Every structure is written in structure tokens, then in C-alpha cells.
Amino acid sequence: MSETSLRNADRPRLAFSARAKQWGEFAIETLIRLMGLSTIGFVILILAFLVNEGAPLFWQVPLSSLLDTRWYPTFDLYGILPLILGSLFVTFLALVLAVPLGVITAVFVREVAPAWARDILKPLIEVLAGIPSVVLGFFGMRYISPIVREVLGAPTGLTALTGALVLGYMALPTLISVAEDALDAVPKTYRDAGLAMGASRWQTIWRVTVPAARPGIVTAIMLGMGRAIGETMAVMMVTGNAARMPLGLDALMKPVRTMTATIAAEMGEVAKGSLHYRALFGIGIILFAITFLINLAAASVMFKRRAGGGLR
Amino acid sequence: MRGLAGPARIWASCLAVLVLAASLCGCGRSGSSGEAQAPPAEAIENKGSDTLVNLALAWAEQYMQIEPNVRISVTGGGSGTGIAALINGTVDLANASRDIKPEEIEAARRNGIEPVEHVVALDAIAVIVHLDNPVERLSLEQISDIYTGKITNWSEIGGEDRPIVLLSRESNSGTYVYFLEEAIRMGQESDLLFATDTLLMPSSEGIIEETSQNRNAIGYDGLGYVTSHVKVVAVARSAEGPFIMPSADTVNDNTYPIARPLYMYTDADPSERVQTYLEWILSEGQVAVDDLGFVPLTEHASEIDERD
């Protein structure tokens, strides 16, 4: 409503509608604020629950046994080291596979591909993110694991490498779309300046656009990492779940047990309140701490470099 | 991710909260309606072993068709869970794939319950390999050495020059515990454990699947789960033999070394309907045992012979 349309006759109605509007505004604002705060509340509740159920593990089992290399919960051996290393190992491998591919795909989609190709590729990549992990796990078990066994000569196809391949694939959509957004947010003037300076298209991409988008790309990697470390179903189906220490190069071709798979596989049958139950929640706490640190790192990168022109 | 800015993100979280709340309500409601359906007078509560749960369900379904005014509710959760419920007096029948422990008997007595064991079926644990694996037979000691990581190549036990890949069920399975005690520890007191390289498969089907595809694999599984895609190995108690194939007969005459009884535990003084149900299980109910791949008790073994 513009200023000029104000007339004396309209005053009372306007005052009323303004008040109603103000009230409505207030209600909506409160609602939104409550919703926002409830998210924080939920996170705190989850954390409190986790700590309440899992923390007793850390004083009921001596630290030396927790840092042991044997996880045999049926016989009260709760060495969680192989599980932590297993998760980190598979996640790291997955990133080694996914990051180059993801970043290059993002560069292609944003900088190289013609507009019509981008219009097809972007939604397709987002559809990839929607494939349920069980489906990918089944695919990995049925098709990737025989390839790992027969072509790469591993004794079994259910290995850390198979897990990393599936996880890397799962991290890709997140990685690509966030990295693509970061590239998209680099001002056009940067590219123009690069090209005007006589740089080739490749040089502009590699020396100007990608470095300018680096904080966003780092965030993309962190988010992909969060996706990979928290994944459960697909990992449980393809990694073989042997709680062994993934040390040495041959660990690639050996099975591995992740923290998430351990919780998922063993939660069904533990008696509530038992030491094993505490141990699974203890693993949950460790997993929560790791993902929290990853997200924190991602957020700090994002906030620190926001002024630098990475993300809008 | 840019698309999911400000308000959209808030709405998305609102939606998530609503879905969560709705699902919680749903759970609560379905739980209470289930209780409301069961008339308390003729209800039998049956809980325990996950190995037995399918069989117990089949029994319950068949029995409820014969006796429509009896309602039997069957839940899994593991042998320990079932026995604990029996001790607490919340179930009439506890299913177990292992013996009740002395301390559990004691706890039950303190609650005025005297647990009585009923063998309801037998279960052979078959040791399986890939169809192309030339190994035909193994002694318990060889199986133990294989699973503890002492033997790591098939050539050491008369097979091809291939690494051995160990497959097992998850550690909370009763079958895992049984196999560890009777095969790996050979029924003796020891602290032998599965080698850390052992692949723990989430399901029995997973073991069959991997064994059927992988020529390096060795696995174990209840006889009921074994399909024609894998090869069953003959097992002997000692290296001299005799090497026995698992079957209803060899389980019943106690020659197959890795077979176990499956139990139902009741109070010493069960109600009449529980007593009748147990009697039915031990007589007509044994047909279902065979259908689900377990081994029926002795007097029915002859029927299986004819079918084979």
C-alpha cells in the first residue's frame, strides 16, 4: 500500500488492519522463533540422552580396555579402537575417491558445460542424493563386491575399498551441489577480470574462480565427509564388518567394521542397561563428537571467509 | 543447498518435527490397540530366541486356527530376553537356543518360579563352502584352527591354494555363541575367539549369498537356511572320523557334532492352556519344524527320510 493512497476515510480501517497485521506478524515471528529454538532444544535433548545412556561406559570400563584392539562384546571385550579407525579409514578413502571427482564435476557443470547441459545435469545430480542407501548397499553387495574380488584379486569382495566406493558415490551429490553453489557465487567480475587480463579460460577457472570459491568447496568436502561417516546401512552391507585394525596398505582389501554398522547390527539384541548397551551408546557419543567437529570446522571455514567472496 | 535458504529451512524443520511427532503418536496407538485385542483369559505370552521366533510364530498361527479362542503372542529379542521375562513372570513360555544358566534358575526361584526345560526341536549347524571348493570334510579341530586364524589357506586342508575368508553371524546371535563354544572351543573351557578377520554378516542369508559367490569363503548356518547354492561339508569330532553330514537322522542319533536342542522354558506348574499348547507342539506341531528347516524330534525323523 503506497503513501499516496492514504485518505481520511480509510484511516480507521487502516489502523485496524495495521494492528491485525502487526499481531499476525508477531504471532508468526514467535512461531518461527519457537520452531528455530526447538531445533536447538532437540539437539540438546539428543545429546543429553546420549550422554546419559552412554557416558557410564567410560567409567565402568577402564580406558586401557576401551583402547584395546579387540571388540568382542559377547565376552566383555570392548576395544573400540578398531571401530573408530574403521570409520575414519573408510571415510577418508571415500573422500580420496569423491573429492577430485566431485570438484571437477562441479567445475564442469558450472564453468564449462553449456547452459542446456547444466539444466539437465543439476537436477540429475540432486536426484542422485535421493537414492536410498539400502539400494546402494544392495547394488554394492551384488555388483561392486564381485568386481573388487575378481578384478582386483581381494580374497573377499566385502572390503574397506568396496565400502569407500559406495560411500564416495553417496557423498558425491552433496559435494557437487554445494561446490557448484560456491562456484556460482563467485562474482562474474572476477571471471571477466581474469579473461581481460589475457588469461585463457582454463587459467581463469583454475587460478581465479576455483581459489575464490575455495571456502565453499571446503564446506562441500566437510558436508560430504559428514554424510560418509554417518552412513550406516550401505556400509554394513558391503564392508564385511570384521572388527580388525585397518593398518597397512593391505587393509584396503580387507574387511573393516565401522562405528555406525556396529551400533546398527548390535542394538537389536542388547539388554537395556547392560554394559554392551552402554558401549553402543558410548560409540554414539564418539560418533556425535566426530561429526560435531566436522560440522564446526565446516562452519568456521564458511564464516571466516564469507567476506572473501566465497559464498554470497 | 542455496535453494534451501532462511524460511524454507525453517519450514523443512517444522515438517520434520511434525513427522516425528506423528510417528511417535502412531507408535503409541498401535501398541495400545494390540493390547486391547488380546483377551486376558486365553492369552499365551511367548518370547525369546530369534532363532526360534519364526518357528514359534508358525506354531502360534497354526494353533490359533485349531483353537480360535486362544491368543498367542510371539516376540523375539534373544534367548536371554525371553528367560529374563520368564523370571519376571511376564511370559508363559520362554524360547531359548541355549541352556538356562544356574544364576538364572536361582533368580527365578527367588521370584517363586521353577523353570522347566522342554526340548521342542533340534537344529544342526552346517559348515558350508563354495560349490567349486574341493574340500569335502573337516574335523572339529580343523574348523577351530580355521576360525581362530591358525589355518589361513585352503591348501593346508587339502584344498586349492587360496586364502580362507571366514564368515560368521553377528556376535549377538545365539548361533554365534553356540558355534564358538562347541566348534571353536570344541566344548572345552578356553578363551579362544573368532579371528579378528572374521566377516560378521548381518543375516543368515548374507552368509549364504557370500559363500555361494566366493570360492575362498567358509561359513556356518542353521541347516534350515542352507540352499543348493552352497556345499555342505561333512564334520567329524576327531581327525580320524567318522565324517558326518548334517541331517535329521544324524542329529537325532547324536553323530553330527554341531547340533543343538532348541528349548521352551515354562514354570513347573504351567496353566492348563500352556500345557495343552506344549503337548500340541511336541506332537502335531513337529510337522512345522521340518517345514522351517529345523530337525523334528526323533519319532518324526522317519517322515523326513521318505521325503529326501
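The legends below walk through several close-up views of this predicted model.

Residues are counted from 1 along each chain as its sequence is written, and chains are lettered from A in the order in which they are written. Since this is a prediction, local features need pLDDT of at least 70 and side-chain atom pairs count only at pLDDT 80 or more, while totals for chains, interfaces and linings use all residues.

**View 1. Where chain A touches chain B.** Chain A brings 32 residues to the contact and chain B brings 28 residues; two residues are in contact if their C-beta atoms, placed from the backbone, lie within 7 Å. On the chain A side, α1 (11-54), α6 (133-150), α7 (160-184) and α12 (259-267) each give two or more residues. Helices here are DSSP runs of H or I with at least four residues, strands are runs of E with at least two, and both are numbered from the N terminus. The top contributor to this side is α1(A), with 5 residues.

**View 2. The largest nonpolar core.** Among its 146 residues, Leu175(A) and Ala179(A) touch the most other members. Such a core is a set of buried Ala, Val, Leu, Ile, Met, Phe, Trp, Tyr and Cys residues joined through C-beta atoms within 7 Å. A residue is buried if 20 or more other C-beta atoms lie within 10 Å of its own, exposed if 12 or fewer, and partly exposed in between, with C-beta atoms placed from the backbone. Leaving aside residues up to four places away in sequence, Ala179(A) touches Gly102(A), Val103(A), Ala106(A), Gly216(A), Ile217(A) and Ala220(A).

**View 3. Helix α6 of chain B.** Buried residues in this helix (174-184) include Tyr178(B), Phe179(B) and Leu180(B). The partners of its buried residues include α3 (79-87), β4 (115-130) and β11 (259-267) of chain B. Just past the helix, Met186(B) has a positive phi of about 50°.

**View 4. Two loop residues of chain A with positive phi.** Most residues other than glycine have a negative phi. Asp76(A), not a glycine, has a positive phi of about 60°, and sits in the loop between β1 (71-72) and β2 (77-78). Asp76(A) is exposed, with 11 other C-beta atoms within 10 Å. Asn241(A), with phi near 55°, lies in the loop between α11 (233-238) and α12. Asn241(A) is buried, with 28 C-beta neighbours inside 10 Å.

View 5. pLDDT, the predictor's confidence in each residue from 0 to 100, stays under 50 over residues 1-6, which have 0 contacts beyond four places in sequence. Residues 308-312 also stay under 50, with 19 such contacts.
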